[in-house]
Amino acid sequence: MRHSLPLAPQFYVTAPQPCPYLPGRTERKLFTALQGDEAQKLNDSLSKQGFRRSQNVLYRPSCSDCAACLSARIVATKFQPTRGQRRIQKRNAHLQRSPASPWATEEQYDLFRRYLNARHADGGMADMDIFEFGAMIEETPIRSRVLEYIDTETDRLVAVCLTDILDDGVSMVYSFYDPDLHQASLGTWMILDHIALAQETGLDHVYLGYWVPGSEKMGYKARFGALEVYHRGNWQALTEAQDFDAATHPLSTEPIAEQVANISLPNRRG
(Lines give C-alpha, C1' and ligand atoms only; values in the text may rest on other atoms or scores of the structure.)
Protein backbone atom coordinates (compact mmCIF):
# COMPACT_ATOMS: atom_id res chain seq x y z
CA MET A 1 0.00 0.00 0.00
CA ARG A 2 1.33 3.42 -0.90
CA HIS A 3 1.22 6.05 1.82
CA SER A 4 1.17 9.69 0.77
CA LEU A 5 1.58 12.94 2.67
CA PRO A 6 -1.52 14.99 3.52
CA LEU A 7 -2.76 17.20 0.69
CA ALA A 8 -2.54 20.26 2.96
CA PRO A 9 -0.21 20.97 5.90
CA GLN A 10 -1.54 20.05 9.33
CA PHE A 11 -1.03 22.65 12.05
CA TYR A 12 -0.45 21.91 15.75
CA VAL A 13 0.14 23.90 18.95
CA THR A 14 2.87 23.32 21.53
CA ALA A 15 2.23 23.21 25.28
CA PRO A 16 2.81 26.52 27.10
CA GLN A 17 6.34 27.18 28.41
CA PRO A 18 7.99 30.12 30.20
CA CYS A 19 8.64 32.98 27.77
CA PRO A 20 12.38 33.56 27.17
CA TYR A 21 11.84 37.24 26.28
CA LEU A 22 9.25 38.77 28.63
CA PRO A 23 9.35 37.88 32.36
CA GLY A 24 6.23 36.34 33.79
CA ARG A 25 4.75 35.41 30.42
CA THR A 26 4.31 32.03 28.75
CA GLU A 27 5.01 31.14 25.13
CA ARG A 28 3.20 28.80 22.77
CA LYS A 29 3.96 27.98 19.14
CA LEU A 30 1.85 27.09 16.11
CA PHE A 31 3.79 24.67 13.91
CA THR A 32 3.64 22.37 10.90
CA ALA A 33 5.94 19.81 9.29
CA LEU A 34 8.14 20.91 6.39
CA GLN A 35 8.40 17.91 4.09
CA GLY A 36 7.74 16.53 0.62
CA ASP A 37 8.14 17.96 -2.85
CA GLU A 38 6.38 21.21 -1.92
CA ALA A 39 8.63 22.02 1.05
CA GLN A 40 10.39 24.93 -0.65
CA LYS A 41 7.11 26.53 -1.75
CA LEU A 42 5.64 26.12 1.72
CA ASN A 43 8.69 27.67 3.36
CA ASP A 44 8.64 30.58 0.91
CA SER A 45 4.94 31.21 1.55
CA LEU A 46 4.86 30.85 5.32
CA SER A 47 8.06 32.86 5.81
CA LYS A 48 6.15 35.81 4.34
CA GLN A 49 3.50 35.20 7.04
CA GLY A 50 5.75 35.30 10.06
CA PHE A 51 6.88 31.67 10.28
CA ARG A 52 10.43 30.51 10.94
CA ARG A 53 12.19 27.22 10.15
CA SER A 54 13.82 24.89 12.66
CA GLN A 55 15.11 21.77 10.87
CA ASN A 56 12.01 20.24 9.22
CA VAL A 57 9.46 22.28 11.17
CA LEU A 58 7.92 25.69 10.49
CA TYR A 59 6.68 27.58 13.53
CA ARG A 60 5.20 30.90 14.57
CA PRO A 61 4.54 32.21 18.10
CA SER A 62 0.90 31.81 19.05
CA CYS A 63 0.82 32.82 22.68
CA SER A 64 -2.28 33.18 24.83
CA ASP A 65 -0.82 36.07 26.86
CA CYS A 66 0.25 38.44 24.09
CA ALA A 67 1.27 38.80 20.43
CA ALA A 68 4.57 40.56 21.02
CA CYS A 69 6.85 38.28 18.98
CA LEU A 70 6.82 39.99 15.60
CA SER A 71 8.66 38.53 12.62
CA ALA A 72 11.20 41.08 11.36
CA ARG A 73 12.86 41.60 8.00
CA ILE A 74 15.05 44.26 6.40
CA VAL A 75 14.14 45.61 2.97
CA ALA A 76 17.58 45.24 1.39
CA THR A 77 16.75 47.46 -1.58
CA LYS A 78 15.99 50.39 0.77
CA PHE A 79 18.63 49.84 3.44
CA GLN A 80 21.19 52.55 4.18
CA PRO A 81 23.78 51.83 6.91
CA THR A 82 24.25 54.24 9.78
CA ARG A 83 27.61 55.80 10.51
CA GLY A 84 28.20 53.24 13.25
CA GLN A 85 27.30 50.36 10.94
CA ARG A 86 29.72 51.65 8.31
CA ARG A 87 32.45 51.61 10.97
CA ILE A 88 31.59 47.97 11.72
CA GLN A 89 31.84 47.12 8.02
CA LYS A 90 35.25 48.78 7.81
CA ARG A 91 36.43 47.08 11.02
CA ASN A 92 35.64 43.66 9.57
CA ALA A 93 36.80 44.21 5.99
CA HIS A 94 39.40 41.45 6.48
CA LEU A 95 36.69 38.80 6.94
CA GLN A 96 35.79 36.65 3.96
CA ARG A 97 32.40 35.03 3.37
CA SER A 98 32.65 31.35 2.39
CA PRO A 99 29.30 29.70 1.47
CA ALA A 100 28.94 25.92 1.58
CA SER A 101 26.32 23.19 1.58
CA PRO A 102 24.66 22.60 4.98
CA TRP A 103 27.23 20.24 6.46
CA ALA A 104 28.36 20.46 10.09
CA THR A 105 32.03 20.33 11.07
CA GLU A 106 33.88 19.95 14.37
CA GLU A 107 35.40 23.40 13.88
CA GLN A 108 31.91 24.90 13.63
CA TYR A 109 30.76 23.00 16.71
CA ASP A 110 33.77 24.13 18.75
CA LEU A 111 32.96 27.76 17.88
CA PHE A 112 29.27 27.15 18.62
CA ARG A 113 30.09 25.76 22.10
CA ARG A 114 32.33 28.71 22.93
CA TYR A 115 29.60 31.11 21.81
CA LEU A 116 26.91 29.41 23.90
CA ASN A 117 29.11 29.12 27.00
CA ALA A 118 29.93 32.82 26.84
CA ARG A 119 26.55 34.30 25.85
CA HIS A 120 23.73 31.79 26.38
CA ALA A 121 24.94 29.38 29.06
CA ASP A 122 21.45 29.12 30.59
CA GLY A 123 19.55 29.05 27.26
CA GLY A 124 17.54 26.26 25.71
CA MET A 125 20.43 25.17 23.46
CA ALA A 126 23.09 25.07 26.19
CA ASP A 127 23.13 21.26 26.38
CA MET A 128 23.19 20.64 22.62
CA ASP A 129 25.76 17.96 21.74
CA ILE A 130 27.59 17.57 18.43
CA PHE A 131 24.95 15.20 17.02
CA GLU A 132 22.13 17.63 17.79
CA PHE A 133 24.22 20.43 16.32
CA GLY A 134 24.71 18.35 13.16
CA ALA A 135 20.95 17.82 12.92
CA MET A 136 20.30 21.57 13.27
CA ILE A 137 22.64 22.31 10.38
CA GLU A 138 22.00 19.37 8.09
CA GLU A 139 18.31 18.50 8.47
CA THR A 140 16.86 20.86 5.90
CA PRO A 141 14.44 19.94 3.08
CA ILE A 142 14.92 23.30 1.33
CA ARG A 143 17.68 25.46 -0.17
CA SER A 144 20.01 26.20 2.73
CA ARG A 145 23.62 27.25 2.98
CA VAL A 146 26.19 27.52 5.74
CA LEU A 147 28.04 30.82 5.51
CA GLU A 148 31.43 30.63 7.19
CA TYR A 149 33.37 33.82 7.87
CA ILE A 150 37.14 33.45 7.78
CA ASP A 151 39.69 35.91 9.15
CA THR A 152 42.02 36.24 6.17
CA GLU A 153 44.83 37.51 8.40
CA THR A 154 44.85 34.44 10.66
CA ASP A 155 42.91 31.91 8.55
CA ARG A 156 40.61 31.32 11.55
CA LEU A 157 36.88 30.65 11.49
CA VAL A 158 35.30 33.50 13.47
CA ALA A 159 31.58 33.36 12.61
CA VAL A 160 28.96 31.08 11.06
CA CYS A 161 25.39 31.54 9.88
CA LEU A 162 22.90 28.89 8.74
CA THR A 163 20.96 30.67 5.99
CA ASP A 164 17.89 29.70 3.99
CA ILE A 165 17.41 30.94 0.44
CA LEU A 166 13.83 32.11 -0.16
CA ASP A 167 12.17 33.31 -3.34
CA ASP A 168 12.17 36.89 -2.00
CA GLY A 169 15.18 36.98 0.28
CA VAL A 170 17.55 35.23 2.65
CA SER A 171 16.61 34.03 6.13
CA MET A 172 19.16 33.97 8.94
CA VAL A 173 18.13 30.76 10.70
CA TYR A 174 20.88 30.73 13.33
CA SER A 175 24.22 32.50 13.69
CA PHE A 176 27.10 32.36 16.16
CA TYR A 177 30.57 33.84 16.43
CA ASP A 178 33.80 34.08 18.41
CA PRO A 179 32.77 35.59 21.77
CA ASP A 180 36.28 36.89 22.38
CA LEU A 181 35.89 39.33 19.48
CA HIS A 182 33.15 41.36 21.14
CA GLN A 183 34.56 44.68 19.91
CA ALA A 184 34.15 43.51 16.30
CA SER A 185 30.31 43.48 16.65
CA LEU A 186 30.18 40.29 14.60
CA GLY A 187 26.43 39.76 15.13
CA THR A 188 25.68 43.14 13.57
CA TRP A 189 28.29 42.59 10.90
CA MET A 190 26.74 39.27 9.79
CA ILE A 191 23.39 41.00 9.33
CA LEU A 192 25.09 43.71 7.27
CA ASP A 193 26.79 41.03 5.17
CA HIS A 194 23.46 39.28 4.55
CA ILE A 195 22.03 42.59 3.37
CA ALA A 196 24.96 42.82 0.95
CA LEU A 197 24.34 39.21 -0.12
CA ALA A 198 20.67 39.94 -0.82
CA GLN A 199 21.63 43.02 -2.83
CA GLU A 200 24.24 41.05 -4.80
CA THR A 201 21.74 38.34 -5.73
CA GLY A 202 18.77 40.60 -6.49
CA LEU A 203 16.71 39.49 -3.47
CA ASP A 204 14.54 41.98 -1.62
CA HIS A 205 14.65 40.95 2.03
CA VAL A 206 16.76 39.69 4.90
CA TYR A 207 14.63 37.81 7.44
CA LEU A 208 16.00 38.20 10.98
CA GLY A 209 13.66 36.13 13.12
CA TYR A 210 11.55 37.79 15.79
CA TRP A 211 11.63 41.25 17.30
CA VAL A 212 9.91 41.70 20.68
CA PRO A 213 8.96 45.18 21.95
CA GLY A 214 10.17 45.53 25.51
CA SER A 215 12.81 42.78 25.23
CA GLU A 216 16.42 43.90 25.63
CA LYS A 217 17.59 40.68 23.94
CA MET A 218 15.85 41.69 20.71
CA GLY A 219 16.45 45.44 20.86
CA TYR A 220 19.43 45.36 18.48
CA LYS A 221 17.18 44.51 15.51
CA ALA A 222 15.36 47.84 15.79
CA ARG A 223 18.69 49.62 15.14
CA PHE A 224 18.59 48.60 11.46
CA GLY A 225 16.97 50.91 8.94
CA ALA A 226 14.34 49.75 6.44
CA LEU A 227 13.03 47.27 9.03
CA GLU A 228 9.55 45.77 8.71
CA VAL A 229 7.58 43.65 11.17
CA TYR A 230 4.71 41.28 10.47
CA HIS A 231 1.75 42.56 12.51
CA ARG A 232 -1.93 41.70 12.17
CA GLY A 233 -1.43 39.96 8.84
CA ASN A 234 0.67 42.65 7.14
CA TRP A 235 4.27 43.79 6.93
CA GLN A 236 4.60 47.25 8.45
CA ALA A 237 7.56 49.61 8.62
CA LEU A 238 9.05 49.86 12.10
CA THR A 239 9.53 53.57 12.65
CA GLU A 240 8.84 53.88 16.38
CA ALA A 241 9.19 50.84 18.63
CA GLN A 242 6.49 52.10 21.00
CA ASP A 243 3.94 51.88 18.17
CA PHE A 244 3.82 48.14 18.83
CA ASP A 245 3.61 48.17 22.63
CA ALA A 246 -0.06 47.15 22.43
CA ALA A 247 1.05 43.77 21.04
CA THR A 248 2.11 42.81 24.57
CA HIS A 249 -1.47 43.13 25.87
CA PRO A 250 -3.38 39.85 26.51
CA LEU A 251 -6.35 41.09 24.43
CA SER A 252 -4.12 41.43 21.35
CA THR A 253 -4.22 37.70 20.59
CA GLU A 254 -6.49 35.91 18.12
CA PRO A 255 -8.00 32.44 18.66
CA ILE A 256 -5.93 29.56 17.27
CA ALA A 257 -8.67 28.50 14.84
CA GLU A 258 -8.81 32.03 13.42
CA GLN A 259 -5.03 32.17 13.06
CA VAL A 260 -4.96 28.90 11.11
CA ALA A 261 -7.90 29.92 8.92
CA ASN A 262 -6.07 33.10 7.92
CA ILE A 263 -2.89 31.30 6.79
CA SER A 264 -2.44 31.46 3.02
CA LEU A 265 -1.03 28.24 1.56
CA PRO A 266 0.79 27.96 -1.78
CA ASN A 267 -0.96 26.47 -4.77
CA ARG A 268 -0.36 22.75 -4.88
CA ARG A 269 0.12 20.63 -7.94
CA GLY A 270 -3.13 19.06 -9.04
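Me: Is Trp235 buried or exposed?

Reply: Trp235 is buried, with a relative accessible area of 19%, where buried means under 20% relative accessible area, exposed over 50% and partly exposed in between, using a 1.4 Å probe and protein chains only. Please keep in mind that this is a predicted model, in which local features need pLDDT of at least 70 and side-chain atom pairs count only at pLDDT 80 or more, while totals for chains, interfaces and linings use all residues. Residues are numbered from 1 along each chain as its sequence is written, and side-chain values use heavy atoms, with hydrogens and water left out.

Me: Which charged end sits over the ring of Trp235?

Reply: That is Arg73, whose charged end is 4.0 Å from the centre of the ring; the criterion asks for NZ of Lys or CZ of Arg within 6 Å of the ring centre and within 35 degrees of the ring normal.

Me: And what about Tyr207 and Trp235, how are those rings arranged?

Reply: Their centres are 5.9 Å apart and their planes are at 75°, so the pair is edge-to-face. Rings of Phe, Tyr and Trp (its six-membered ring) pair if their centres lie within 6.5 Å, and planes under 30 degrees apart count as stacked, over 60 as edge-to-face and the rest as tilted. Tyr207 lies in strand S12 (residues 205–211) and Trp235 in strand S14 (residues 234–237), so the pair ties together parts that are 28 residues apart in sequence; strands are DSSP runs of E with at least two residues, helices are runs of H or I with at least four, and both are numbered from the N terminus. Tyr207 also counts as buried, at 3% relative accessibility.

Me: How many aromatic pairs are there by that rule?

Reply: The count comes to 15 aromatic pairs. In one of them, Phe112 and Phe133, the ring centres are 4.9 Å apart and the planes are at 35°, so the pair is tilted. Phe112 is buried at 0% relative accessible area, and Phe133 is buried at 1%. These two also belong to one aromatic cluster with Tyr109, Tyr174 and Phe176.

Me: Switching to the sheet, what is the strand order?

Reply: Eight strands form an open sheet in the order S8-S9-S10-S11-S12-S7-S13-S14, with mixed pairing, where two strands pair if DSSP finds at least two bridges between them. The edge strands are S8 (95–100) and S14, each of which pairs on one side only.

Me: How enclosed is S13, then?

Reply: Five of the five residues of strand S13 (residues 227–231) are buried, so this strand is largely enclosed by the rest of the structure. Both of its faces are covered, with Leu227, Val229 and His231 on one side and Glu228 and Tyr230 on the other.

Me: What does S13 pair with?

Reply: Strand S7 (residues 70–75) runs antiparallel to S13 and is joined to it by three bridges, whereas four bridges join S13 to S14, again antiparallel. Glu228 is the bridge partner of Arg73, and Glu228 also stands opposite Ala237 in S14. In the hairpin of S13 and S14, which has two residues between the strands, Arg232 takes a positive phi near 55°.

Me: Last one, what does Ile150 touch?

Reply: Leaving aside neighbours within four places in sequence, Ile150 is in contact (heavy atoms within 4.5 Å) with His94, Leu95, Gln96, Asp155, Arg156 and Leu157. Ile150 is in strand S9 and counts as buried at 17% relative accessibility.
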